[in-house]
Amino acid sequence: MSVVKALLKQSQSSKLTKINITPLIDAMTILVVFLLKSMDSSAIKLPPEELRLPASATGADPKEALLVQVSPKYIIVNDKVVAELVDGKLKASDVAKTDLYLIPALEKELMAEAEKSKLIEKETNALIKFTGTMFVQADKSLDYATLKRVLYTSSVAGYGDLQLATIGE
C-alpha cells in the first residue's frame, strides 16, 4: 500500500510536460507528399490484355477524355460493355436500320456521358468544360468498317475530338 501512495504522491507533485509536436507534423507532411507522389494520376487507363494496340511514333501526351475501348469481343465505354462483337465485327442487330454506320447502343451511352459532362460544366460555372474529346483504344486486328462505325457514332453523339491510342515503337 505504501508503494501506491508513493506513486500517487509523486504523480501529483510532478509538473506537466509539454509535448513537442513539430517532428510529428514534419513526419505527417513527408507521408502526405509521398502518398500524393505515388498516386497514379494518369489520364490513360491501360488496355485489357486481349486488346493489342497498333504501333506508332508520337510525342504528344494524351489529355483527360472519355475512354472507349474496342476489342475483338466488345465495345466498352468507361468500363461498361455497350456492344458485343463477333470476330471484331458488329452483329446486324447492333447497327441502326436507317443509318448503317450508326451503333444505337453506343450513341445512347455516349450521349448520356456527354449530358453528365455538360451538367458538370454547368454546375462548376464552366471551370470544367465539355470539349467532346474521346480517347479510343482499338485492337489492331479490328476490321476498319467496325472502327469507322465507332468513330462515326462518336461524332454523331458530340465527340468530335477523337484520339487513338497506340503503342510507341
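**Group meeting talk: a patch, a sheet and a helix**

Ile19, Ile21, Leu24 and Ile25 make a nonpolar surface patch of about 430 Å². A patch here takes residues with over 30% relative accessible area and no salt bridge; nonpolar side chains (Val, Leu, Ile, Met, Phe, Trp, Tyr) are joined within 5 Å, like charges within 9 Å. A salt bridge is a side-chain nitrogen of Lys or Arg within 4 Å of a carboxyl oxygen of Asp or Glu. Accessible areas come from the Shrake-Rupley method with a 1.4 Å probe, and for residues only the protein chains shown count as cover.

A word on the model. It is predicted, so local features need pLDDT of at least 70 and side-chain atom pairs count only at pLDDT 80 or more, while totals for chains, interfaces and linings use all residues. Residues are numbered from 1 along each chain as its sequence is written, and side-chain values use heavy atoms, without hydrogens or water.

Back to Ile25. It lies in helix H2, residues 22–38. Helices (H or I, at least four residues) and strands (E, at least two) are DSSP runs, numbered from the N terminus. The cut-offs: buried is under 20%, exposed is over 50%, and partly exposed is in between (1.4 Å probe, protein chains only).

Now the whole chain. It has 4 helices and 8 strands. Along the sequence the pattern reads α-α-β-β-β-β-β-α-β-α-β-β. Of its 169 residues, 26% count as buried.

Next, the sheet. Strands of a sheet pair through backbone hydrogen bonds, either parallel or antiparallel. Two strands count as paired if DSSP finds at least two bridges between them. Our open sheet has 6 strands in the order E5-E4-E3-E2-E6-E7, with mixed pairing. Which strands stand at the edges? Strand E5 (89–90) and strand E7 (161–164) do; each has a single partner strand, so one side of each is left without a neighbour in the sheet.

Let's walk through some pairs. E2 (residues 66–70) and E3 (residues 74–77) are antiparallel, over 3 bridges. They form a hairpin with 3 residues between them. Val70 has Ile75 of E3 as its bridge partner. Then E3 pairs with E4 (residues 80–86), again antiparallel, over 4 bridges. Here the partner of Ile76 is Val81 in E4. Finally, E4 and E5 run antiparallel, joined by 2 bridges. Val86 stands opposite Lys89 in E5.

Look at the turn between E3 and E4. This hairpin has 2 residues between the strands. Asn78 lies in that loop. Its phi is near 45 degrees, a positive value in a residue other than glycine. Asn78 is partly exposed, at a relative accessible area of 38%. Asp79 is found in the loop too. Its phi is near 70 degrees, also positive. Asp79 is exposed, at 57%.

Last stop: helix H3, residues 104–123. Its 20 residues reach 28 Å from first C-alpha to last, close to the 28 Å expected at 1.5 Å a residue. The expected span is 1.5 Å times one less than the number of residues. Where do the buried residues of H3 sit? Leu106, Glu107, Glu109, Leu110, Glu113 and Ala114 are buried. They cover an arc of only 165 degrees around the axis, which puts them on the same side of H3. That arc is taken from the directions from the helix axis to the C-beta atoms. On the other side, Lys108, Glu115, Lys122 and Glu123 are exposed.
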